[in-house]
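Take a look at the chain below before reading on.

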Amino acid sequence: MRAVKKSVLIAALLSACLISAGCSISDSSREKVADIDFTVVDEENLPQEIKDVIEEKKKEEFRVIFSAKENMYIAVGYGERSTSGYSIAVKDLYLTENAIRIDTNLIGPAKGETINEEPTYPYIVVMIENMDYPVVFD
């Protein structure tokens with residue numbers, strides 16, 4: 001359990017570093033080598049350590065990477081929204097020569113959709129096979 005917490009902390013720190021300092025991977029590295037198969041993970045199927053980090057960060061936008069055994073979890077959150085009805089789509093998730101690239105999109109409530117006037121915190125977590133590549137968020 002301690003190893004998972006350390007890897008979660010290291011992944012979170014690495015993710016924060018990449019986001020705040022800018023990534024050293026050049027824009028020329030966008031050429032797709034292969035698509036990556038992924039699974040969207042429901043909250044009830046997430047490891048507790050990941051749930052805890054998401055709960056802590058959910059009010060603001062976040063991008064976090066978690067590695068656990070043979071799986072890598074990539075979490076993207078869009079911060080607090082004033083109503084329900086939001087969803088997130090994975091536009092692209094692929095491997096380049098030197099990175100994993102992910103592009104997500106926040107989708108607002110559809111016209112005519114019944115929404116609740118209470119804050120929500122839309123996020124998505126995808127699980128992929130653990131790879132030794134940095135993750136770049138587009």
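**From the whole chain to its cores**

Of the 138 residues in this protein, 37% are buried, where buried means under 20% relative accessible area. The model is a predicted one. Its exposed surface comes to about 8500 Å², and carbon and sulfur atoms supply 48% of that area.

Next, the elements. The protein has 2 helices and 8 strands. Read from the N terminus, their order is α-β-β-α-β-β-β-β-β-β. Among contacts with a separation of 6 or more, 73% join residues 24 or more positions apart.

What lies inside? In soluble globular proteins, nonpolar side chains tend to be buried together. In this model the largest nonpolar core has 17 residues. Which of its members touch the most other members? They are Ile74, Leu93, Ile100 and Val135. At least two residues of this core come from each of these strands: E4 (71-78), E5 (87-95), E6 (100-107), E7 (123-129) and E8 (135-137). The largest share, 4 residues, is supplied by E4.

Ile100 can be followed in detail. Leaving out residues up to four places away in sequence, Ile100 touches Ile36, Met72, Ile74, Leu93, Tyr94, Leu95, Ile128, Met131, Tyr133, Pro134, Val135 and Val136. Each of these contacts means heavy atoms within 4.5 Å.

Key:
Residues are numbered from 1 along each chain as its sequence is written. This is a predicted model: local features need pLDDT of at least 70, side-chain atom pairs count only at pLDDT 80 or more; totals for chains, interfaces and linings use all residues. Side-chain values use heavy atoms; hydrogens and water are left out. A nonpolar core is a set of buried Ala, Val, Leu, Ile, Met, Phe, Trp, Tyr and Cys residues joined through side-chain atoms within 4.5 Å. Buried means under 20% relative accessible area, exposed over 50%, partly exposed in between (1.4 Å probe, protein chains only). Accessible areas come from the Shrake-Rupley method with a 1.4 Å probe; for residues, only the protein chains shown count as cover.
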